[in-house]
Amino acid sequence: PDEVEAVVAHEIGHLHHRHVAWLGLAAIVTSVTAAAGFVGLVSVATRGMSDAVRRPLFGLAGAGTVLATLYVTRRLSRRFEFEANNFAARLLGKSHNLADALASLARENWLATDDRDAGAFAAHPSIHRRLEHLRTLSGDAGSAASGS
């Protein structure tokens with residue numbers, strides 16, 4: 001029950017900070033900006049060329065727009081995970097229950113807990129980084145996530 005309470009507090013943190021709205025806004029701004037930049041670049045670079053040459057390049061511009069938008073929103077999403085952790089720790093006055101829940105979820109789903117990076121397009125930080133962050137929030141000791 002304490003771990004469930006901590007996870008719910010984390011999710012409430014996402015709501016409190018309006019993370020979904022911020023991600024939507026970031027997606028719109030990034031995609032419009034990237035599309036304008038890529039389309040403009042292709043238009044200038046291929047001026048006077050045949051449509052057979054231009055069409056595939058505009059397709060690549062679209063793919064670049066999608067990748068740029070994913071990169072920006074995923075990076076922001078990883079930042080929001082830490083912000084939601086901070087909210088939950090402040091709300092509950094402790095962070096070890098959230099760390100314990102995360103460690104349990106990682107164990108049950110065979111997720112790596114070493115210090116490898118989650119990758120540029122991951123929506124969440126690595127389990128290792130998340131557990132390290134939770135340990136620093138209140139200096140909790142004795143939790144399952146800290147190996148005790």
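Predicted model: local features only at pLDDT ≥ 70, side-chain atom pairs only at ≥ 80, totals over all residues.
**Exercise 1. Check whether the lengths of α3 and α4 agree with what their residue counts predict.**

*Solution.* 
- Step 1: Take α3. Its 42 residues, at 1.5 Å a residue, should span 62 Å. The end C-alpha atoms are 60 Å apart, which agrees.
- Step 2: Repeat for α4 (residues 96–108). Here 13 residues should span 18 Å, and the end C-alpha atoms are 18 Å apart, so the values agree.
- Step 3: See what follows each helix. After α3 comes G93, with a positive phi near 75°. After α4 comes W110, whose phi is also positive, near 55°.
- Step 4: Note the cover on α4. Its buried residues include N97, L98, A99 and D100.

**Exercise 2. Describe the setting of R18 and W110, two non-glycine residues with a positive phi.**

*Solution.* 
- Step 1: Recall the background. Most residues other than glycine have a negative phi.
- Step 2: Turn to R18. Its phi is near 55°, and R18 sits in the loop between α1 (2–16) and α2 (19–45). With a relative accessible area of 59%, R18 is exposed.
- Step 3: Turn to W110. Its phi is about 55°, and its place is the loop between α4 and α5 (127–138). W110 counts as exposed, at 81% relative accessibility.

**Exercise 3. Sort the three salt bridges of the structure by where their partners lie.**

*Solution.* 
- Step 1: Side chains of opposite charge can pair when their charged atoms come close.
- Step 2: Consider D51 and R55, whose closest N and O atoms are 3.8 Å apart. The two are four residues apart in helix α3, so about one helical turn separates them. D51 is partly exposed at 46%, while R55 is exposed at 60%.
- Step 3: Consider R135 and E132, at 2.6 Å between the closest N and O atoms. These residues are three apart in helix α5, again about one helical turn. R135 is partly exposed at 26%, and E132 is partly exposed at 35%.
- Step 4: Consider R130 and E81, which meet at 3.0 Å, N to O. R130 lies in α5 and E81 in α3, so this pair ties together parts that are 49 residues apart in sequence. R130 is buried at 12%, and E81 is buried at 5%.

**Exercise 4. Which helix gives the most to the lining of the largest cavity?**

*Solution.* 
- Step 1: Count the cavities. There is one cavity of 30 Å³ or more, and the largest holds about 30 Å³ of space.
- Step 2: Read the lining. Among its residues are A6, N85, A88, N97, L98 and L134.
- Step 3: α3 and α4 each supply at least two lining residues, and α3 gives the most, with four.

Methods:
Residues numbered from 1 in each chain as written. Heavy atoms only, no water. Expected span 1.5 Å × (residues − 1). Buried < 20%, exposed > 50% of the residue type's maximum accessible area, 1.4 Å probe, protein only. 1 Å grid on protein atoms, 1.4 Å probe; cavity = no way out; pocket = protein on both sides within 12 Å on 5 of 7 lines; lining within 4 Å. Points joined across faces, edges and corners; volume = space filled by probe spheres on them. Salt bridge = Lys/Arg side-chain N within 4 Å of Asp/Glu carboxyl O.
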